[in-house]
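Biologist: I would like to learn how to read a few features here. Please show me the model.

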Amino acid sequence: MTTRITKTRFAPSPTGIMHVGNLRSALYEYLIAKADHGAFILRIEDTDRERYVEGAVDVIYRTLDQCGLHHDEGPDIGGPNGPYTQSERLLLYRQYADQLVSQGDAYPCFCSATHIAENDDSEQTESFGYNRHCRDISREEVTRRTDAGESYVIRQRMPLSGETSFSDDVYGKITVMNKELEDQILLKSDGYPTYNFANVVDDHLMEITHIVRGSEYLSSTPKYCLLYEAFGWEIPHFVHLPLIVGEDGRKLSKRHGSTSFDDLVNDGYLPEAIVNMIAFLGWAPGSDTREIFSLKELEEIFHIAGINKAPAVFSYNKLNWMNEQYIRIMPFETWTKLVKDTADPCFRDTPYDLIMLAQVLQPRVTKLSDIPDMIRFLTTRLPQSRELFFNKRAKLDADKAADILDKLYPLLSALGSWNEADLQELLEHACEELGIKKGQIMGSLRAGLAAQQVTPGGAIETAVILGREESLGRLAQALLYLREV
RNA sequence: GGCCCGAUGGUCAAGUGGUUAAGACACCGCCCUUUCACGGCGGAUUCACGGGUUCGAUCCCCGUUCGGGUCACCA
């Protein structure tokens, strides 16, 4: 008994979209391998010529890279069992299919797809489309028809009785009656293998020890097992993952909103948060109640036994929270750069204090895409209504605010420096000397400066962000507005 | 419809033949406060149902219901 190194593979079909379900498979595959110091392999399953999408493979590389899921073997970096792109392995599949045919475990079928569809209508009793029409045609007839150039597919010859079972690492023992199994197509008429066949051949040749995939493959896994048996290959571990579903309980899809990695990133979510989020969809660390884990930490604690069976609902609420956590702990310099990239386009005319802005934003932002709205005060100069100054708690209204700003303006314009500490001091003094409540002073100042109901920071921070000149200018305008209207 | 799988609060979930059945998100309330936010504190809501097995079932078995998956020359 040789002990093999744990190997998993991510085998996406290049569709141009990285669905969160796919990404989670990749994550778990990566984690299972790394938790056991094994290898994580990338294989491109491009056997469907009709679905070929230009540039789709790059989406896969880019996403994996953004998420930190680095592979040990793959089309771009090679490896001992390449090539890692299925369309480059066509001869191999043909060879193995021929072997099955000569063994009697597969057979050529000349029925066209349309013919089968017609046949299906008349035979309602049949549980599936294909009626095994060509299963027993003679070798002579096969030769005659192939020689005549008739196109055909290779089908797997399923046992007609008995049952097949296997043990899944997550779901346990699963058994199906062989008569339920269709004589599935292994090789299409264009010579390309089907997923079902290429997958088995490649997983074996690439020495994959754990086949990790969505539970939608659970019921077809017995067919794979029969294939392994026909070849006399060792059956690998199967690790089926519960589905990720939308809030309506259905398989996650377009109508649930953003469901691809790129959609999520465009919505303002950080890759780290997305990775952390999907790690916890269908898996939990057990007694450890923490939920924020970096990829590195996950590599250490991930274990197959923690995987759940029930489908998991993808929650944007939870994602929001996770994203906030990642923003809060992000290094300030990194955060500042993100803020700058977002703020610059909105506010290139007037200078603003980036450091202070980033500072007030970091503990408040949920998604990056929230930032433009939150900093709109940078470009909104005039108060839009007197309501803006009304505050019940501080017993403040527009008239009162006008009085306060009137008194405050000369003091502020006389202030030599314009920083947090000095503004703070000036305003504290103003409270005492003018006998005005702090809430009223701060409230009128903030409203007068921001001209916006909601701001990320308080009055002082807003003043610092806007700078002396801009602040005084706005206050003067606000005063005019309050007097006139 | 056949087959396969699943079921702990609204959501993610821990957990056990005897527990006050963790924790997180969301929600509600209160507090704090230069409004909102941020922060702090507290609260409500769960073992799908019916039979067994057992001294005792959320946990083990059977059935029911409900939910999902799958039945392609797609992966």
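Biologist: Is Glu207 buried, partly exposed or exposed?

Modeller: Start with the count. A residue is buried if 20 or more other C-beta atoms lie within 10 Å of its own, exposed if 12 or fewer, and partly exposed in between, with C-beta atoms placed from the backbone. Glu207 has 16 C-beta neighbours inside 10 Å, so it counts as partly exposed.

Biologist: What should I know about the source?

Modeller: This is a predicted model: local features need pLDDT of at least 70, side-chain atom pairs count only at pLDDT 80 or more, and totals for chains, interfaces and linings use all residues. Residues are numbered from 1 along each chain as its sequence is written, while chains are lettered from A and ligands numbered from 1 in the order in which they are written.

Biologist: Which phi does Glu207 have?

Modeller: Most residues other than glycine have a negative phi. Glu207 has a positive phi of about 60 degrees. His37 has a positive phi too, about 55 degrees. His37 is exposed, with 9 other C-beta atoms within 10 Å.

Biologist: Where is the cis peptide bond?

Modeller: Most peptide bonds are trans. The cis bond joins Gly82 and Pro83, with omega about -5 degrees.

Biologist: Which residues come nearest to RNA strand B?

Modeller: Near means that the C-beta atom, placed from the backbone, lies within 6 Å of the strand. Of the 66 residues around RNA strand B, Glu45, Tyr195, Ala310, Met442 and Gly458 come nearest.
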